[in-house]
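Please read these notes with the structure open beside you.

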Amino acid sequence: MAHFEIKDLTFSYPTAKDHLALDHINLSIEKGQYITVCGKSGCGKTTLLKHLKSVLAPHGKTSGEIYFEGKLLKDVSLREQSSKIGYVMQNPDNQVVTDKVWHELAFGLESLGMDQKTIRLRVAEMASYFGIQSWFHKNVSDLSGGQKQLLNLASIMAMQPTVLILDEPTSQLDPIAAADFLNTVRKINLELGTTIIITEHRLEDVFHASDRVVVIEDGRLIADDTPKAVGRFLKETKSEMFTAMPSPVQIYYGVDSDLDCPLTVREGRSWLSQEFEGITPTVTSIQEEPYMDEEIKDPAVEVKEAWFRYEKNLPDVLKGVSFKVPRQSIFAIVGGNGNGKSTTLKSISNICKPYRGQVLINGKRVDKYKTSELFKGNVAMLPQDPQSLFVKKTVKEELEEMKATPEEVENVAKTCDITHLLKSHPYDLSGGEQQRAALAKILLTNPKILLLDEPTKGIDNFFKLQFAQILLKLKEQGVTVIMVTHDVEFCARYADTVSMFLDGSIITTNTPNRFFSRNSFSTTAANRMSLHLFENAITNEDVIELCRQNLNK
């Protein structure tokens, strides 16, 4: 018996009655399967997942039927759905409801009316299984993003659901925390037999683990097959979704190999070794100029020995941060959650004021600028949570609020690919669409220094290419971009400079090529896959080009 049986599901939102968010979806999910649902931002992934739990189903016009364990979902009680269908949201803060970790673990069980003895046993078991004993009595507000998401997962698993639905669960996590989280999800699937239904834009850690991959395009299901078959289908049909495939798959098809397609970095490394069997590479590196900090004579932004803490009795978040950002460049800051990256951006925009040290914008101390002078045509910041910028009922009104002309609104909407979303309420958009709408809003301030906090979060790989072109065009127009990001693939391809942040300060700064080629963990999948053959290939294109040169393909 199928866990979920979706029959001819069609749905449209009230604000877009002429557009089908879900267009006659037919899908069967067997018990114990690991299903990955992928597609461009706004294609209908989240809408589909929310329909699998009645209390989360969006308001709109729906037709078709959904069966859960043989029964119509609408006839399954909310209590049974709560205990059997677990749902992990994209933003961990939206799901936390209590103040203490231990109480969060117990909250769902208390809501189901379980006795105290059972609650204590389940909570103890989850704390042990997920390794969260050391922060069992902490305030939830003191946890990092990765810890909050793990707590959400543990809280749901305490109710022993038979199916676990996860909507972009790693979008706010650094790569290592994301990999750890997804490994835990895979462990739950393998050891407990829990059915997993997950949406992800970063497919490196979920694609190979999937029993089936489902691809949705503009509300329609266009592929439902094994990972290898889906990769081949997307390549043969020249689908835009092929750009979302893991690096080993993209490199494999770029090299035009006759061997079996790899899905993981490990398989990719083995595949490359087979391709080069009996062949010694003659060209092993990509040419790259060294980064010279001393050459930055007139930086757009300079931070000098900045120290900052949020409260007098709390530890320092910034500990002597110093760096220079060249004009007309894309400067990326990477590092784990909770190290002070976002606080650094807030210091540059004078939201957080260092108690020691200086922040200079165009050679002038940031605290000497008037607010109107700083933020009008000078500095703009895209925060990590785009919803914090939304105050109107439609996306069009959000853009018009910036005192923009109709022509400017039309141009920026076209640039950020949100023209079709102008009549929508900002909160009805997907995470990626909200990010694009927020970007459009801040671009209307015509900034010379653009601060971006996790700008590619929730954005599909196709729009990442468009987003990169936006940044490159802004750079040509004289804009300096400083971005904090966990997206190492994006940094490797488009940043001019990359800095590593650790424990409140910058440890090292270099060009992307030199930076990522020297790392073992904080690096790209392409580099990890090819390191045994090539010295500094950090992008898929680097590996493909070096393979072609050495294999004469």
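1. Is Tyr-252 buried or exposed? Tyr-252 is buried, because its relative accessible area is 9%, and the cut-off for buried is under 20%. Please keep in mind throughout that the model is predicted.

2. Aromatic pairs. The whole structure contains 12 aromatic pairs. One of them joins Tyr-252 and Tyr-253 in an edge-to-face arrangement, with 4.9 Å from centre to centre and 85 degrees between the planes. Tyr-252 and Tyr-253 also belong to one aromatic cluster, together with Phe-242 and Trp-271.

3. A second aromatic pair. The ring centres of Phe-490 and Tyr-494 are 5.0 Å apart and the planes stand at 50 degrees, so this pair is tilted. Both residues lie in helix H16, which covers residues 488-494. They are four residues apart there, about one turn of the helix. Phe-490 is buried, with a relative accessible area of 4%, and Tyr-494 is buried as well, at 15%.

4. Charges over rings. Two contacts of this kind can be looked up in the model. The charged end of Arg-356 sits over the ring of Trp-307, at 5.1 Å from the ring centre. Lys-364 lies over the face of Tyr-369, and here the distance to the ring centre is 4.6 Å.

5. Salt bridges within a helix. There are 17 salt bridges in the structure. In one of them the side chains of Lys-84 and Glu-80 meet, with 3.2 Å from N to O. Helix H2 (residues 78-84) holds both residues, and the spacing of four residues is about one turn of the helix. Lys-84 counts as partly exposed because its relative accessibility is 25%. Glu-80 also counts as partly exposed, at 23%. The pair is part of a network of salt bridges that links Glu-69, Glu-80 and Lys-84.

6. A salt bridge between Asp-367 and Arg-365. The side chains of these two residues meet at 2.7 Å, N to O.

7. A salt bridge across the chain. Which residue forms a salt bridge with Glu-401? The partner is Lys-441, and the closest N and O atoms are 2.8 Å apart. This pair links distant parts of the chain, 40 residues apart. Glu-401 is in the loop between helix H12 (395-400) and helix H13 (406-415), while Lys-441 is in helix H14 (residues 431-443). The two partners fall into separate accessibility classes: Glu-401 counts as partly exposed at 34% relative accessibility, whereas Lys-441 is buried, with a relative accessible area of 5%.

8. An open sheet. Four strands form an open sheet with antiparallel pairing, in the order E2-E1-E4-E5. Why is one side of E2 and of E5 left without a neighbour in the sheet? Strand E2 (22-30) and strand E5 (71-72) stand at the edges and each has a single partner strand, so one side of each has no neighbour there. The partner of E2 is strand E1 (residues 2-12), and the two pair in the antiparallel sense over six bridges. Within this part of the sheet, Glu-5 stands opposite Ser-28 in E2.

9. A hairpin. Strand E19 (residues 497-502) and strand E20 (residues 505-510) pair in the antiparallel sense, over five bridges. Leu-502 has Ser-505 in E20 as its bridge partner. The two strands form a hairpin with two residues between them. Asp-503, in the turn, has a positive phi of about 50 degrees.

10. Cavities. How many cavities of 30 Å³ or more does the structure hold? There are three. The largest cavity has about 140 Å³ of space. It is lined by 15 residues, and those closest to its centre are Ser-171, Arg-202, Thr-456, Lys-457 and Gly-458.

Conventions
Residues are numbered from 1 along each chain as its sequence is written. This is a predicted model: local features need pLDDT of at least 70, side-chain atom pairs count only at pLDDT 80 or more; totals for chains, interfaces and linings use all residues. Side-chain values use heavy atoms; hydrogens and water are left out. A salt bridge is a side-chain nitrogen of Lys or Arg within 4 Å of a carboxyl oxygen of Asp or Glu. Buried means under 20% relative accessible area, exposed over 50%, partly exposed in between (1.4 Å probe, protein chains only). Rings of Phe, Tyr and Trp (its six-membered ring) pair if their centres lie within 6.5 Å; planes under 30 degrees apart count as stacked, over 60 as edge-to-face and the rest as tilted. A charge sits over a ring if NZ of Lys or CZ of Arg is within 6 Å of the ring centre and within 35 degrees of the ring normal. Two strands pair if DSSP finds at least two bridges between them. On a 1 Å grid over the protein atoms alone, a cavity is a set of points where a 1.4 Å probe fits but cannot get out, and a pocket is an open set with protein on both sides within 12 Å along at least five of seven lines; lining residues have an atom within 4 Å of a point. Grid points are joined across faces, edges and corners, and a volume is the space filled by probe spheres set on the points.
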